[in-house]
Amino acid sequence: MKTGKCSCGAKVFFDNSQCIACGKLLGHCDRCDEIAAFIPTAIAQQFACSSCGTTTKSCRNRRFGVCNSQVPIDHGKSLCDWCEFTEVVPSLDDHSNVQKW
């Protein structure tokens, strides 16, 4: 399993979405391909990657709890690289399908 470090120094794992030591938002950065902490910027819903400094926003699928990737703002898309290539997604209008995903 891929690991990384939060900006507070705590070891974090691929599927972590929040640091249990300091509470920072965690995830995968599409730009540097690292598991890192994401620091809020002055602009709402934008975060700076603690590893490479890229300004990002959360993947659209993060709201369902199925993705923790951050998308660079300059990519101009709402899905991360991984979710963009997912071919079969159950209808998320039915909340029980989120469990299946």
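Me: Where does Lys-77 lie?
Reply: In this predicted model, Lys-77 sits in the loop that runs between β7 (69–72) and α1 (81–84).

Me: Why does Lys-77 count as buried?
Reply: Buried means under 20% relative accessible area. Lys-77 has 18% relative accessibility, so Lys-77 counts as buried.

Me: What makes the link between the side chains of Lys-77 and Asp-81 a polar contact?
Reply: The cut-off for a pair of N or O atoms is within 3.5 Å, and the side chains of Lys-77 and Asp-81 are joined at 2.6 Å.

Me: Which residues does Lys-77 touch, not counting those up to four places away in sequence?
Reply: Lys-77 touches Lys-57, Val-71 and Glu-84.

Me: Why is the pair of Phe-14 and Trp-82 called tilted?
Reply: The structure holds one aromatic pair. Phe-14 and Trp-82 form this pair, at 5.5 Å centre to centre and 50° between the planes. Centres must lie within 6.5 Å, and planes under 30 degrees apart would be stacked, over 60 edge-to-face, the rest tilted; therefore 50° gives tilted.

Me: What parts does the pair tie together?
Reply: Phe-14 is in the loop between β2 (11–13) and β3 (25–29) and Trp-82 is in helix α1, so the parts tied together are 68 residues apart in sequence.

Note on methods
Residues are numbered from 1 along each chain as its sequence is written. This is a predicted model: local features need pLDDT of at least 70, side-chain atom pairs count only at pLDDT 80 or more; totals for chains, interfaces and linings use all residues. Side-chain values use heavy atoms; hydrogens and water are left out. Helices (H or I, at least four residues) and strands (E, at least two) are DSSP runs, numbered from the N terminus. Buried means under 20% relative accessible area, exposed over 50%, partly exposed in between (1.4 Å probe, protein chains only). A polar contact is a pair of N or O atoms within 3.5 Å; within protein, one must be able to donate a hydrogen and the other to accept it, and residues adjacent in sequence count only if both atoms are side-chain atoms. Contact means heavy atoms within 4.5 Å. Rings of Phe, Tyr and Trp (its six-membered ring) pair if their centres lie within 6.5 Å; planes under 30 degrees apart count as stacked, over 60 as edge-to-face and the rest as tilted.
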